[in-house]
Amino acid sequence: MAEAPLMTDSELSDALRALANPTRLQLLTWLREPERHFSLEGAIADPVEVGVCVTHIQARVGLAQSTVSAYLSELQRAGLVRATRVGKWTHYKRDERRIAQLVATLGRTL
């Protein structure tokens, strides 16, 4: 298995900045096992394949939807989650390849 390529210093800085917020870190942790951490009643898409609707994420974290959306956007800009539109709803899923790249970069540079 080939090693993941290293992130650039800028990419690494963006990822670490996104993870420096405890709520964003918690969201990323919960998205690792969506069926375990979110009430998915009424979900219109598979949480493992497509992701978790921002409405379900907001209900779990208990913050305003605008705040949750801002947190998820920061994780998306850092490449740690991917957003998919399903109808009028946005679903978020971890980008496991990018997270593996982050871990590999940290392991090989620090």
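Which residue in β3 is the bridge partner of cysteine 53? The bridge partner is histidine 91. This is a predicted model, where local features need pLDDT of at least 70, side-chain atom pairs count only at pLDDT 80 or more, and totals for chains, interfaces and linings use all residues. Residues are numbered from 1 along each chain as its sequence is written, and side-chain values use heavy atoms, with hydrogens and water left out.

**Overall build**

- The protein chain has 6 helices and 3 strands. Both are DSSP runs, numbered from the N terminus: helices are H or I with at least four residues, strands are E with at least two.
- From the N terminus, the order of elements is α-α-α-β-α-α-β-β-α.
- Along the principal axes, the C-alpha atoms fill a box of roughly 45 × 30 × 25 Å.
- Of the 110 residues, 39% count as buried. Buried means under 20% relative accessible area, exposed means over 50%, and partly exposed lies in between, with a 1.4 Å probe and protein chains only.
- The protein chain exposes about 6500 Å², and carbon and sulfur atoms supply 52% of that area. Accessible areas come from the Shrake-Rupley method with a 1.4 Å probe; for residues, only the protein chains shown count as cover.
- Among contacts with a separation of 6 or more, 54% come from residues 24 or more positions apart. A contact means heavy atoms within 4.5 Å.

**The sheet**

- The 3 strands form an open sheet in the order β1-β3-β2, with antiparallel pairing. Two strands pair if DSSP finds at least two bridges between them.
- β1 (52-53) and β2 (81-86) stand at the edges, each with a single partner strand, so one side of each has no neighbour in the sheet.
- β1 is joined to β3 (residues 89-94) by 2 bridges.
- Arginine 85 stands opposite threonine 90, and valine 86 stands opposite tryptophan 89.
- The hairpin of β2 and β3 has 2 residues between the strands. Glycine 87 takes a positive phi near 65° in this hairpin.

- Arginine 82 lies in β2. Arginine 82 is partly exposed, with a relative accessible area of 43%.
- Not counting residues up to four places away in sequence, arginine 82 touches His91, Tyr92, Lys93, Arg94 and Asp95. The C-alpha atoms of arginine 82 and lysine 93 are 5.4 Å apart, although 11 residues separate the two along the chain.
- Tryptophan 89 lies in β3. Tryptophan 89 is also partly exposed, at 36% relative accessible area.
- Leaving aside neighbours within four places in sequence, tryptophan 89 is in contact with Ile44, Cys53, Thr55 and Thr84.
- Tryptophan 89 and glutamate 41 are 48 residues apart in sequence and 15 Å apart in space, C-alpha to C-alpha.

**The nonpolar core**

- The largest nonpolar core has 24 residues. Such a core is a set of buried Ala, Val, Leu, Ile, Met, Phe, Trp, Tyr and Cys residues joined through side-chain atoms within 4.5 Å.
- Leu27, Ile57, Leu72, Leu75 and Leu80 touch the most other members.
- The elements giving two or more residues to this core are α1 (9-19), α2, α4 (54-61), α5 and α6 (96-109).
- Leaving aside neighbours within four places in sequence, leucine 27 is in contact with Ile57, Val61, Tyr71, Leu72 and Leu75.
- In soluble globular proteins, nonpolar side chains tend to be buried together.

**A buried glutamate**

- Glutamate 74 is found in helix α5 (residues 65-77).
- Glutamate 74 counts as buried, because its relative accessibility is 18%.
- Leaving aside neighbours within four places in sequence, glutamate 74 is in contact with Ala18 and Arg24.
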